[in-house]
Amino acid sequence: MHDELNSGSGLVAAIALTVISMAAFLVLPLYVGAAAEGLGLSQQQLGFLASAVAAGSALSSVAMMFLVRRLPWRRTAAASLLLLLVPMAGSLFVDDIRVFMALQGIAALGSGSAYSLALTALADRRHPDRAFGFSVAAQVTFQVAGMLLLPQLVARAGIDGILGLFIAMEVVGLFLVRWLPDAGKALPAPVEKMAVVTVPALLALFGCFFFFFNVGAVWTYIERMAVLEQFTAQQIGSGLAIGVFFGIPGALLASWCGDRFGRVAPLTLGAAGTVVALVMLRSGMSFSAYVMAVAIYNFVWNFSLAFQYAAVNAVDPGGRGVAAAPAFHGAGVAVGPGIAALFVTATDLGSVNIVGGIGAVASLLLFIAAIVLAGRVPAPEREIPNG
């Protein structure tokens, strides 16, 4: 079992599943833009669509927190992908926004459970910090390709083109399931009987929530910000691609750092960079300023994300916290754009920046509290691999 958990094929399969299960979120700006054009959604409806989808992902991730150590991983991954695939395919045949939202919410149930399982498989590897970094880098690589290519796909096929891409990826995922380990590593008996998460782990998970409270709001509306500045569709697509590209060195830098510099310093850098980027995303900005802000935002987002997973894993002796992280991510993504949507107008998206800034700072404070508290409270022994 130890060799299976640390095999190269298992690593590739788990990383691929993180990309496949999160594909819709990774290209969310262009996805909601296509939905806005194809289904005639308002600014408020776009926020509520993002919230509905994220809520489904959060619900299934909560369930996985209890089930991921009890269910066979290959069958569970296959079932999760089918739950994602079937309603996504059904979305091709509907025009009613309420039905579309419902189908996307059901698909998100499969997305959240598959992502939770894949993250747990990475957490159980010999070097989890590095595995998380590689996973984030792979997700950002997909984002860059999506930002470059999806505008042309949307121009030709509308929202059906994006849905078709998601469906094809999910079919590929079904073939990759066989390379996953079928179970995680065995936990010591005292740890196995612990509560689902400790107080430090819960604080860290709420740190995940508030970080994605920020990301959900900003990532939902960042394309709309460019539209309000009257940038062309080609400019927006290329600008997002350039900006998102900087997430790759951010994620790879995190993988290289591992645990060399602890976790508080990298997380602080991530929060500070986020605030700087949000200050730059203001009305009247130039196109170059927009691209620079998106680049900074994506660099620190993907740099700090790997450390967030690592922090949750480090303060949680029960080994279930990482599986629960997507639930808190999904909840944050659901609440963030929903809150921002209450205040945005057709010509003013300034509330998005405020929501994002609050989320970034709150996230940092919660992670610091979790790390400090975990250092003061003895926990049952657990074999935590060195990053």
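This is a predicted model: local features need pLDDT of at least 70, side-chain atom pairs count only at pLDDT 80 or more; totals for chains, interfaces and linings use all residues.
Guide: Residues are numbered from 1 along each chain as its sequence is written, and side-chain values use heavy atoms, with hydrogens and water left out.

Visitor: Why are H14 and H15 called roughly antiparallel?

Guide: Helices (H or I, at least four residues) are DSSP runs, numbered from the N terminus. Helix H14 (residues 264-280) and helix H15 (residues 287-315) pack at an angle of about 160°, and their axes are 8 Å apart. Axes are lines fitted to C-alpha atoms, for helices over the stretch in contact, and angles run from 0 to 180 degrees between N-to-C directions. Angles under 35 degrees count as roughly parallel, over 145 as roughly antiparallel, 65 to 115 as roughly perpendicular and the rest as oblique. H14 and H15 are therefore roughly antiparallel.

Visitor: What makes H5 and H11 roughly antiparallel?

Guide: Helix H5 (residues 43-67) and helix H11 (residues 199-228) pack at about 150°, with axes 10 Å apart. H5 and H11 are therefore also assigned to the roughly antiparallel class.

Visitor: Which hand does each crossing have, that of H14 with H15 and that of H5 with H11?

Guide: A crossing is left-handed if the near helix is turned anticlockwise from the far one by less than a right angle, and right-handed if clockwise. H14 passes H15 in a left-handed crossing, whereas the crossing of H5 and H11 is right-handed.

Visitor: How do you know that the side chains of Glu223 and Arg224 meet in a salt bridge?

Guide: A salt bridge is a side-chain nitrogen of Lys or Arg within 4 Å of a carboxyl oxygen of Asp or Glu. For Glu223 and Arg224 the N to O distance is 2.7 Å, and for Asp96 and Arg98 it is 3.3 Å. A search of the whole structure finds 2 salt bridges.

Visitor: Why do Glu223 and Arg224 count as buried?

Guide: Buried means under 20% relative accessible area, exposed over 50%, and partly exposed in between (1.4 Å probe, protein chains only). Glu223 has 8% and is therefore buried; Arg224, at 11%, is buried too. In the other pair, Asp96 is partly exposed at 31%, while Arg98 is exposed at 66%.

Visitor: What makes Phe343 part of a nonpolar patch on the surface?

Guide: Patches are made of residues with over 30% relative accessible area and no salt bridge: like charges are joined within 9 Å, nonpolar side chains (Val, Leu, Ile, Met, Phe, Trp, Tyr) within 5 Å. Phe343 has 56% relative accessibility and so counts as exposed. This residue is found in the loop between helix H16 (321-341) and helix H17 (350-376). With Phe48, Val335, Ile339 and Leu342, Phe343 forms a patch of about 460 Å² of accessible area together, a value from the Shrake-Rupley method with a 1.4 Å probe, for which only the protein chains shown count as cover.

Visitor: Why is Phe134 called partly exposed?

Guide: Phe134 has a relative accessible area of 42%, so it is partly exposed. Phe134 lies in helix H8 (residues 128-157). Phe134 and Ile15 are 119 residues apart in sequence and 7.5 Å apart in space, C-alpha to C-alpha.

Visitor: Why is Gln230 called exposed?

Guide: The relative accessible area of Gln230 is 71%, so Gln230 is exposed. Gln230 lies in the loop between H11 and helix H12 (233-245).

Key: Helices (H or I, at least four residues) and strands (E, at least two) are DSSP runs, numbered from the N terminus.
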